[in-house]
Structure formats: C-alpha cells, structure tokens
Amino acid sequence: MPSIVEARSVSRIFPMAGGAVAALRDVSIGIARGDYIGVVGPSGCGKSTLLHVLGCVDVPTSGQILFQGREVGSLADAERSRLRLREIGFVFQRFFLLPMLTAWENVELPQAEAGVARAERRSRTQALLEYVGLAARARHRPSELSGGEMQRVAIARALANRPRLLLADEPTGELDEATGRQIVTLLDRLHDDGTAVVVVTHDPAVAGRAHRLLRMRDGRIVGEDVR
Amino acid sequence: MRSLRLAWLSLVRQPARAVLGILGIAAIGALLFDMLLLSRGLVLSFGELLQRSGFDVRVLASDAPPFTGPRLADASALAGRIARLPEVEAVLQLRVREAEIASFGGGGVAPDGPMDQAVEGVGRRRRVEFIGADPQVRSMWTIVEGEDLPDAAAEAGPLVVNPNLARRFALSPGSEVSLRGRCANSPEALPPVTFTVVGIAEFPFDSVTSTTIAGTLADAGRLCGDAGVDRAEMLLVRSTPRAGAPGAAAAIRALEPLLHVVTNEDLIERFSRVEFSYFRQISTVLATVTVFFGFLLIAVLLTVSVNQRLGEIAALRALGLSRSRVIAGVMWESAMLVGAGGLLALPLGALLSLWLDAILRSMPGLPAALHFFVFEPRAIVLHVALLAVAAVAAAAYPMRIVAVLPIAATLRREVVS
C-alpha cells in the first residue's frame, strides 16, 4: 500500500549552546493508510521530533520527508500549512484549545480556515462532537470542560478537515487512567474508521493498542513490533 | 472564522487588559488630538477673526505691526485714490487714539440724567481706545444694540461703545460721555470732548477686558486737537469679489509702490511662520511624544499577550492556520485597541481642549474671539493617520514574534514547561 508519509534517512540536529544535539539520526519509516503506530522510548529519544517531522511542522536537517510522494522540504511555508490543514490532524498533550472559543467553535476553526461552506461546517461539527460524545457540551468553553473532555474536543478538531493522518503526542499524558482509556478507545475507533494514526506515548495501555510499535533510543528506531 | 473575530475574542478574553489598553490609548489620543487642534488653532482662529472684520487688504505706511509704525500721510486723498481702483469695493480709514473717560451720564437716554458724575475715586478703569473711522463705509464692528455711526456728522459726536464699556459705565444708546484724549503730540492736558452713545457694538479684536469706542474720523481729530492733520494708522480695503484680495493688493501696490500692502492671507502666513510658530513647534513635539507613548503602550500589551499565547499560536500553526492568518490576528488586536481608544479620545480631547482653551484665552490682552484649539476635519484625519501608524508600528514586534515562531520548538517547550 502506498505511504501517506515517508521519512527517508531523516536526521534532525538542533544547534545548542553546549553543542549540537541530534534528535533524529538516519530514521526511515513509512506510514500507510490503515496504519496504527505507537512510538515509545525514554524522554528525549526523539519521539516528538519524529512526530513533528512527519507532521510537516519541522523540517529535517538531512534526509527527505515525502507526503503522498511530494518532497515536503521543497514546499513553501504556506504550502506546508495547507498540507497540514487538509491532510494531517494533530492532538497535543496539553490540548491547546483556544480558551475564548466554545467546543463547537474550536472544532469549526480549522474548517473555516480550509474554506468549508457554513452549512457543511455545521453538519460536520455536529457529527464530530457526537462522534467524540460531546454534542451536549458544544457550547461550553474549555475552562468548563474536564481534561478528558478537552482532549476529546481536541481530537474532534484534529479530524475537522478529514485528515488522512492523525498524529497524537502523549494524548493521555495529562489525563487520569480512566479518562485516558476513553481517549484510547476513541483513537481505536478512528483507526477502525480508516484514519492512519501515529501515537507517541509513555503509556503502555496506549502503546498496547498500536498495530506497529516503534521503539526509539538516542534518535534512532531501535526496534519494531508488529502485531 | 475570521482573524478579526479571533482578535476580538482574544481581547475580550482578558477584559482588564483590553480596558486598560483602550483607556491608555484614549488618554494619549486625547492629548494627541488636542495637540493637533493646537498646531493650527491660532492660525485658523486668527484668519477667521480677520475675515470677520469684513476687509481683506490692509494698507500701512511700513511693514511694522499695525498701530506701531508710522502713520499714512494724506490719508483721505490716499483712501480716495485707492477707492477709485476697479479692484476695490470700499476703503475704511482707521485713526486710533488713546483717551480716558472724563465723565459720563449713566441711566440711559434721559439728557437730564446723572451727568458729570466724577469717575475718579470710584476706582474704575477709565482708559479707552478710540477708533476713528469713516461712517460712510460699512464698519468692522457689529452693532448689538442701538445704531451705527450716522453717515452725516451729528452735532454731539456720535459714538459706538463695546459691551464692556457699556456695562462698566452703565452706558446705553443716548448716554453722554466726555472723553479726554491722551495724545503723544500734546504735552498739555486736553479739554474733554462730549459725545453721545448711539449704539453698542462688538469689535472683532477686543479682549475680554478691552474698552473700545468708535467715532468719526473728525472726532478722532477733535479728541487730540489735530483735526487738521490728515494721517491714518491704516486703511482697510475690501476687494471686489471679481478681483479678490490678491488682485486688489496688486492694484494698490502698483498705484502706491512705497506703501506696505498686505492681504489677510499674507498676514495669516506671516503669523503662522513667525508669531504662532512656537505653538506649532510645541504641539509637534508633544504630538510626537504622545504617539510614541501610544506605540509603547500597545507594543507592550501585545507583546505580553502574544508571549502568553505562544503554545496556542504554535498549535494553531501546527493545525494548518497560515502564518499570515496568525499575523493578521495580532494586527487586528492592535487595530481594535487603538481604534477603540482613538474613538474614545475624540470626545475626551474635545472636552480637554475646551478647558485648555479657556485657560489660555484668559491671558490678558488677547482678542476674546481668538481660540487656541480650533477644530478642523484635517485634525481628525491626522489623528486617525497617526494612531494608525502607531498601531501598525506597535504591532510590528509581536507580529514578528508570531511570524518567526518555530512551531515544533515552541510545542516542545510548552510541554516541558
């Protein structure tokens, strides 16, 4: 199956005051439709950097990122933004919902940016909030939601433009165990519904659901379990 | 969802910050607006004052300020020659004399009223300025009670007095007044001359304390005992509508090349360049300082606000919002803060200008109708333009922060922190 996104010999080096730090070293990986990938490893091993590079929010120091066959490094900032907007969904550990917007408006925001017509936005937002079980909380602002509810809104927002790829960076990192399980169940459903999912996690419960588990250390993929 | 709405929501999310910002800009904007009103206020007001006199060209013997230089010789003949020019509609000779009120009859029209009431000892100021003018030419003052000077000379010299004098000495049309000239060419005390008040008039250049009287040219001569001397301080000329002031001035200069001929526009230009330039310089300096303060205030507010939201902004960029969209959001926030503050500044500035104008106008000797702060549409345009520049400049740094924000590094930092 052709890859949605492919990393070819990707390295990412951060220049630091005390010397350069290699967050990724010669990493190659392909993510195809239907994939459910977990990325695990100790803190600072390059998991989030890999996610950022695959999600086109960061560019590798060397190597190539091909998104549906297009070399991402050659794209202008505006083109990369458009690519992220339409093809990639992000879920963050800290949710990063806009606090002045309601749950409904947070989910609507990427659609409005993508130019989705108002009527279509309404029905899509309604469907997404129902999908994550928060239709009744649509008019609530993030400050009126629990951590789990905020993360569910963030997932709905990530899905707003029907991305092919969902990237989640420690999605349960700020949640208690029970709430984390709800999020994991939601990610399972997303995968079952056809979205490729990549989850960076420290949580064995989350990692255990992935069909491919990548183990990272010192910026390299040092192991892969396929189930 | 437009950047405008997001910017609005960002502002209302922190109402205290927004209100403080708007109030700060309103206070700064009010000062800026006042400085703009002050920068040209005197010039505009002075121009209006000159226009109000009804004459647009002045003829003087030299370029010294009016009433301080030499007098025009053979003034009547000169006025006649100028009046015959086709570019000229009317010529008014002005002879200005100092005088003091020797005695007055109060109580109105009764000739058998309390005449010859001694003023000395009452403690009132008696000095007056006597303007001798040709009654056959429409005068520069405005009658508010009674009548203007009659065309034909009356037996008892007719006078119009300004409201200050009328109030101070209880004068009204029909009252009699004795004036004694205080003339430089008469070392001896001159005998008082008795006049009859025919009207009360407002004089355009009167200060709030001025005591001004107008009479005929002949009476100005009688007052100083120099009736045979045909000299005038100034000729006021009204041009024909067709020729206009420049045309009339050119014709007079051609006729009398040795005289100093100025139009109202010339005077305004000179005052603007010389006498009033201090106010313009002060207002320019203060306006610059206020705009700079406005810039600093908004720059600090926006920079703090953006720095507090770096994680959010990075997340929005990761979700695909374009760089221009998040930059526009910052610009809109700046525009809304400055726009709301700038609007509020207008009524505040207007009120403040009334107060400051009243303080400055209380300086002694200034024409009462002269204003320091004068509204003109140009002031609003400049106010808006300067605040817009401040808004854009203030947003520049926070916009740059947003523009160059490294998405991945910011997200990583937010999680670590």
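Hi everyone, let me start with one term: two residues are in contact if their C-beta atoms, placed from the backbone, lie within 7 Å. With that rule, among contacts in chain B between residues at least 6 apart in sequence, 82% join residues at least 24 apart.

A word on the model before we go on. This is a predicted model, in which local features need pLDDT of at least 70, side-chain atom pairs count only at pLDDT 80 or more, and totals for chains, interfaces and linings use all residues. Residues are numbered from 1 along each chain as its sequence is written, while chains are lettered from A and ligands numbered from 1 in the order in which they are written.

Let's look at chain B as a whole. You will find 12 helices and 13 strands in chain B; helices (H or I, at least four residues) and strands (E, at least two) are DSSP runs, numbered from the N terminus. The C-alpha trace of chain B spans about 100 × 50 × 35 Å along its principal axes. Of the 417 residues in chain B, 43% are buried. Here, buried says that 20 or more other C-beta atoms lie within 10 Å of the residue's own, exposed says 12 or fewer, and partly exposed is in between, with C-beta atoms placed from the backbone.

How many of the 8 residues of H5(B) are buried? The count is 6 of the 8 for this helix, residues 217-224, so H5(B) is largely enclosed by the rest of the structure. Leu217(B), Leu223(B) and Cys224(B) are among the buried ones. The buried residues of H5(B) pack against several strands of chain B, including S3 (88-104) and S9 (193-202).

Ile313(B), Leu316(B) and Arg317(B) are among them. Just after H9(B), Gly320(B) has a positive phi of about 115 degrees.

Next, the meeting of the two chains. On chain B, 20 residues are in contact with 26 residues of chain A. Helices H1 (3-13), H9 (310-318), H10 (323-361) and H12 (407-416) of chain B each supply at least two residues of the side that touches chain A. Which helix gives the most to that side? H12(B) does, with 6 residues. By type, the side of chain B that touches chain A has 10 nonpolar, 4 polar and 6 charged residues. For those classes, Ala, Val, Leu, Ile, Met, Phe, Trp, Tyr, Cys and Pro count as nonpolar, Asp, Glu, Lys and Arg as charged, and the others, Gly among them, as polar.

Finally, a stop in chain A. Asp188(A) is found in helix H6 of chain A. Is Asp188(A) buried or partly exposed? Asp188(A) is partly exposed, because 14 other C-beta atoms lie within 10 Å. Asp188(A) and Val206(A) are 18 residues apart in sequence, and their C-alpha atoms are 9.8 Å apart in space.
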